[in-house]
Amino acid sequence: MKVRIKFTKENVMKFVGHLDLLRLFQKAFRRADIPIAFSQGFHPHQLISIGAPLPIGVTSEGEYLDIELKEDMNEAEGMAKLNEALPKDMKVLDWIKLDDNAKSSMAIIGGASYTITPKNWGFSYEETLKKINDFMSQEAITIMKKNKKKKLKEVNIKEGIFVFNYTENKQFKMFLATGSKLNVKPDLVLKSLCDFLEIEYNMFDFDFHRNELYVFVSDKYIPLDQL
């Protein structure tokens, strides 16, 4: 049976990359005695996949992991056992049973929401709103990005910036395209804004946090755990 796990990734866990996170879960499933199914063939591996890899340095309260089990398992028991086996800066929030024909999170995720807190932002609330408006009024917002062949290619990310705002409590709010078709990262948006404003960009001057991952259904985006 298929299960979708929603989990958090906080504090020092933001420095754990995608592959290391997969290995961490593999060990946690063994320690927690979760009956994970394995692939067939000469080199069987646990049937697990992460919905949308989180960039290093970003915390999150809305990450997803899809797994396949050899047998049914009670939701409360699965969550309790896995939480006990995971590091303290990670927590399972939900254990969602899926239909056998359900598509993977990776295949259906289309958007992500972020909160970015600047440490030393030199503009007022009103100034920042105007600068974001001017920035988003450009016909195109282009960046140089490596393709699969490791060659630099110019990409217009404007169509993937669905929402870009600044709040009175001095935080940037973004809703960005995320997935296989178009994937826009919040640090690229902020770097592009800083380039537009002709100011220096340093990613360590911002705290990045992912709030939720979304899927596009019936002309609107809904959180993955509400699908």
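A polar contact is a pair of N or O atoms within 3.5 Å; within protein, one atom must be able to donate a hydrogen and the other to accept it, and residues adjacent in sequence count only if both atoms belong to side chains. The legends below describe a predicted model, in which local features need pLDDT of at least 70 and side-chain atom pairs count only at pLDDT 80 or more, while totals for chains, interfaces and linings use all residues. Residues are numbered from 1 along each chain as its sequence is written, and side-chain values use heavy atoms, with hydrogens and water left out.

View 1. Helices (H or I, at least four residues) and strands (E, at least two) are DSSP runs, numbered from the N terminus. The side chain of Thr178 reaches the backbone oxygen of Leu176 at 3.4 Å. Thr178 counts as buried because its relative accessibility is 4%; buried means under 20% relative accessible area, exposed over 50% and partly exposed in between, with a 1.4 Å probe and protein chains only. Contact means heavy atoms within 4.5 Å. Apart from neighbours within four places in sequence, the residues in contact with Thr178 are Ala52, Ile109, Gly110, Gly111, Ala112, Tyr114, Asn183, Arg210 and Leu213.

**View 2. Arg210 and Leu213 in strand S10 (206–217).** Both residues are among the contacts of Thr178. Arg210 has 1% relative accessibility and therefore counts as buried. Its side chain reaches the backbone oxygen of Ala52 at 2.6 Å. Leu213, at 0% relative accessibility, is likewise counted as buried. With neighbours within four places in sequence set aside, Leu213 is in contact with Ala52, Gly62, Glu63, Tyr64, Ile109, Gly111, Ala112, Thr178, Ile222, Pro223 and Leu224. Leu213 and Phe175 are separated by 38 residues in sequence, and their C-alpha atoms by 9.6 Å in space.

**View 3. Packing of helix H4 (residues 125–136) and H5.** Two packed helices are described by the angle between their axes and the distance between the axes. Axes are lines fitted to C-alpha atoms, for helices over the stretch in contact, and angles run from 0 to 180 degrees between N-to-C directions. For H4 and H5 the angle is about 95 degrees, and the axes are 10 Å apart. H4 is therefore roughly perpendicular to H5; angles under 35 degrees count as roughly parallel, over 145 as roughly antiparallel, 65 to 115 as roughly perpendicular and the rest as oblique. From H4, Lys131, Asp134 and Phe135 meet Val189, Ser192, Leu193, Phe196 and Leu197 of H5. This contact has 5 nonpolar, 1 polar and 2 charged residues, where Ala, Val, Leu, Ile, Met, Phe, Trp, Tyr, Cys and Pro count as nonpolar, Asp, Glu, Lys and Arg as charged, and the others, Gly among them, as polar.

**View 4. Helix H5 and what covers its buried residues.** The expected span of a helix is 1.5 Å times one less than its number of residues. The 12 residues of H5 should therefore span 16 Å, and the 17 Å between its end C-alpha atoms agrees. Pro186, Val189, Leu190, Ser192, Leu193, Cys194 and Leu197 of H5 are buried. Their cover includes strands S5 (109–118), S6 (142–146), S8 (161–166), S9 and S10, together with H4. Glu198 follows H5 and has a positive phi, near 60 degrees.

**View 5. Ile5 in strand S1 (residues 2–9).** Ile5 counts as buried because its relative accessibility is 0%. Beyond neighbours within four places in sequence, Ile5 is in contact with Phe29, Glu63, Tyr64, Leu65, Ile67, Leu82, Val92, Asp94 and Trp95. Ile5 and Asp225 lie 220 residues apart in sequence, with 9.0 Å between their C-alpha atoms.

**View 6. Lys170, Ser218 and Asp33, three loop residues.** Lys170 lies in the loop between S8 and S9 and, at 56% relative accessibility, counts as exposed. Its phi is near 65 degrees, a positive value in a residue other than glycine. Ser218 is placed in the loop between S10 and strand S11 (220–223); at 65% relative accessibility, Ser218 counts as exposed. The phi of Ser218 is positive, near 50 degrees. Asp33 is found in the loop between helix H1 (18–31) and strand S2 (48–50) and is exposed, with a relative accessible area of 57%. Asp33 and Met174 are 141 residues apart along the chain, and 38 Å separates their C-alpha atoms.
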